[in-house]
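Biologist: Please take one part of this model and go through it closely. I would like its packing and its surroundings in one connected account.

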Amino acid sequence: MDSMLLLYLMAELFPNRIRAIYVDHQLQTLSAGWGMFVQQQAEALNIPVILQKVTVETGNLEQQARQARYQAYQQHLQSNEILVLAHHQQDQAETFLLRLFSGAGVTGLAAMQQLDIRQDMTIWRPFLDLSREQIEQWSQQLALDYVTDPTNHDTHYDRAWCREQLWPMLEQRFPKMQSAVARSSYLMQDAAEILNDVLQQDWQDCATDRELDLTQLAQLSTARQRQLLSAWIKGTDQYRPSYAMVQRLQNEVILAKADAQASLHIHPYYYVRYQKKLYRLSHDELYAQQQMSVANVVLQHYAIGQTVEVAAGQFKIESQAIGLSAQLLGRELSLLKRQGGEKIHLYGRVGHWPLKKAIQEAQILPWLRHTIQILVVDNVMLGVFSPKGFWLAQSEYVEQGGWQPSLISDCSFQQSF
């Protein structure tokens with residue numbers, strides 16, 4: 001009924017500027033017939049209509065159906081279009097209550113926005129302040145035809161149970177409950193907007209998409225830490241993680257002992273602490289050493305201007321003020337896989353260092369250390385390829401006006417894309 005009223009009013013208000021879409025979830029035998037009904041009504045109003053069948057994945061049926069529906073909207077929505085939905089005041093109040101029962105915070109209790117500007121679409125809900133009774137009155141006055149979905153009364157589903165069982169009981173006790181709960185959602189929207197302003201500042205101070213500065217995080221209040229962690233874990237997903245999951249990240253990873261190799265898997269990412277930072281890693285990034293085979297010895301020839309691919313990333317051979325001798329260009333050089341125990345005399349530094357110490361000082365992340373390779377000629381170390389760049393070693397082959405490999409993109413960038 002609400003959708004058919006919306007269809008009629010949009011045709012009256014915006015003739016020749018709207019399109020209709022009927023999403024067939026294929027969950028009921030009558031759904032195809034309902035699509036034909038929508039098509040007839042739309043054509044009578046001179047509205048183009050799309051009938052889109054979708055497949056609903058297994059799992060939480062209401063959530064999966066919603067996801068399939070919005071994917072269908074995205075498929076057909078053009079960049080200059082707004083998606084108009086018929087959610088009304090009772091829908092808003094039901095959403096508030098259901099999220100309250102699930103333990104949602106301020107953002108969840110903000111429920112639905114009348115003008116919802118998202119990254120991938122803009123949604124307008126013009127009926128959000130209308131009661132169901134007002135919609136029924138309008139529909140009767142206009143003599144609109146409509147179909148009633150029987151699952152709207154199937155109390156197996158949480159929303160239908162809330163509507164059929166809980167709602168009459170609450171309204172009997174609190175007659176103005178619907179508008180009051182809806183008003184609470186708007187107050188929560190104001191609170192969520194204020195919190196978001198604070199969150200944006202905290203994000204700027206502490207976080208990037210892939211890492212979180214734990215020293216900066218520790219300077220925030222406990223509540224602001226939780227908010228930032230929740231938003232950071234969410235990333236580009238639709239929903240934030242549970243309160244319990246945020247607590248696990250704090251207790252098991254952030255607050256773990258300094259020498260602990262702490263990590264937590266929150267699908268699909270792994271959250272790993274290293275020194276004073278928290279990293280978000282894909283499975284392939286964290287376990288790259290097991291999946292990426294680095295040969296013990298690789299033979300290479302270099303020329304000025306050449307781009308070379310090594311385990312640590314992509315490098316370009318360029319002339320430098322100080323670098324390797326030109327006589328090495330075109331000569332067969334060996335790339336050796338790091339075995340452990342090697343020492344390096346870094347150019348400009350005094351004495352030999354354990355390569356492990358140089359790696360630690362450069363703060364190369366543990367899951368990237370397997371990519372380190374040593375450039376050698378005739379058993380002389382020329383330098384080291386690392387995700388932080390090429391480290392020139394002191395040797396008889398170093399000269400003014402020589403050449404060095406310059407880092408273009410490291411292996412973590414390549415893995416991310």
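Modeller: A salt bridge here is a side-chain nitrogen of Lys or Arg within 4 Å of a carboxyl oxygen of Asp or Glu. By that rule, zero salt bridges are counted between domain 2 and domain 3. The model is predicted: local features need pLDDT of at least 70 and side-chain atom pairs pLDDT 80 or more, while totals for chains, interfaces and linings use all residues. Residues are numbered from 1 along each chain as its sequence is written, and side-chain values use heavy atoms, without hydrogens or water.

The chain is divided into domain 1 (1-159), domain 2 (209-288) and domain 3 (294-410), with bounds from an automatic or database domain assignment. The C-alpha centres of domains 2 and 3 are 33 Å apart. Eight residues of domain 2 are in contact (heavy atoms within 4.5 Å) with seven of domain 3. About 610 Å² is buried between these two domains, 69% of it from carbon and sulfur atoms; this is the accessible area (1.4 Å probe) both parts lose on being put together, summed over both.

Now to helix H11, residues 243-254. Helices (H or I, at least four residues) and strands (E, at least two) are DSSP runs, numbered from the N terminus. The 12 residues of H11 should span 16 Å at 1.5 Å a residue, and the end C-alpha atoms, 15 Å apart, agree with this; the expected span is 1.5 Å times one less than the number of residues. Val246, Leu249, Gln250, Val253 and Ile254 of H11 are buried, meaning under 20% relative accessible area (1.4 Å probe, protein chains only). These residues lie on the same side of H11 because they cover an arc of only 115° around the axis, taken from the directions from the helix axis to the C-beta atoms. The buried residues of H11 pack against helices H9 (214-218) and H10 (222-234), and against strands S7 (263-266), S8 (269-274) and S9 (277-281).

Conventions
Buried < 20%, exposed > 50% of the residue type's maximum accessible area, 1.4 Å probe, protein only.
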